[in-house]
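Please read it alongside the sequence and the coordinates.

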Amino acid sequence: MTQVIVLNGGSSSGKSGIVRCLQAVLPDPWLALGTDTLVDAMPASMQASDAGIEFAPDGEVIVGPEFRTLESAWIEGVAAMARAGARVIVDEVFLGGAGSQQRWQKALRDLRVLWVGIRCDGAVAAGREVARGDRVIGMAASQADVVHRGVVYDLEVDTTRAESMECARAIAAHVR
C-alpha cells in the first residue's frame, strides 16, 4: 500500500487545496505535512538569516546551511512517521529540482511512495499569488518550472484549468 504521497509544485500551484481534497477523498486518515510546516516551526530568527531561509523581494528563496540541517532532520522525521504507520501527504517545493527529490528518495527508500508533479502555468500561479496576498510577488513565476527540472514522477496533474478536487481524484486513483 502507498504510505507516502509527495506532491511537488511551485508556490501557488494548488498543492494545499489538493492536499485538503485528498484527505477528504482517501478512505483512510492521511497526515498533511509540507515545507510550510517546516518553515513555520523554525524560529523567526532563521527566516532572516544567511544560515536559515530568506525570501528575497523578487520572490527568490535562498536557503542556508542551518536550514538544510533542520530540513534533513525533518525529512527523516516524516519518513519515520510513515514507517511507524502514519500515512503522509507531503506538500513540497523542490527548489533544487532533482537534487531535492533525491534527498527525499534517500529518506523514503524503503517506503511505498507516489511521486506527483503539480503543474500550473506560471502566469496563472502568479495571478493566484497576487490574490492570496500572503506570498512575495514573483515567487510563483520563478518556481513554476524550476521545481520540476530533472524530477521523475509517477503522475502529473495540471491545475491551470483543473480544480483541486478533480486533481485529487486523479491522484487518489493511483493510491494502492
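How far is the sulfur of C120 from the closest cysteine sulfur, and in which residue does that sulfur lie? The closest one belongs to C167, and because the distance is 9.5 Å, it is too far for a bond. The model is predicted, so local features need pLDDT of at least 70 and side-chain atom pairs count only at pLDDT 80 or more, while totals for chains, interfaces and linings use all residues. Residues are numbered from 1 along each chain as its sequence is written, and side-chain values use heavy atoms, with hydrogens and water left out.

**Cysteines**

- The structure holds 0 disulfides, a disulfide being a pair of cysteine sulfur atoms within 2.5 Å.
- For C167, the closest cysteine sulfur is that of C21, at 8.9 Å, which is again too far for a bond.
- C120 is buried, with a relative accessible area of 9%, where buried means under 20% relative accessible area (1.4 Å probe, protein chains only).
- C167 is buried as well, with a relative accessible area of 3%.

**Helices α1 and α7**

- The axes of α1 (residues 15–25) and α7 (residues 164–172), which are lines fitted to C-alpha atoms over the stretch in contact, come within 8 Å and cross at roughly 55°.
- This angle makes α1 oblique to α7, oblique being what remains once angles under 35 degrees (roughly parallel), over 145 (roughly antiparallel) and 65 to 115 (roughly perpendicular) are set aside.
- The contact (heavy atoms within 4.5 Å) involves G17, I18, C21, L22 and V25 of α1, together with S164, M165, C167, A168, I171 and A172 of α7.
- By class, this contact of α1 with α7 has 9 nonpolar, 2 polar and no charged residues.

Terms used: Buried means under 20% relative accessible area, exposed over 50%, partly exposed in between (1.4 Å probe, protein chains only). Axes are lines fitted to C-alpha atoms, for helices over the stretch in contact, and angles run from 0 to 180 degrees between N-to-C directions. Helices (H or I, at least four residues) and strands (E, at least two) are DSSP runs, numbered from the N terminus. Ala, Val, Leu, Ile, Met, Phe, Trp, Tyr, Cys and Pro count as nonpolar, Asp, Glu, Lys and Arg as charged, and the others, Gly among them, as polar.
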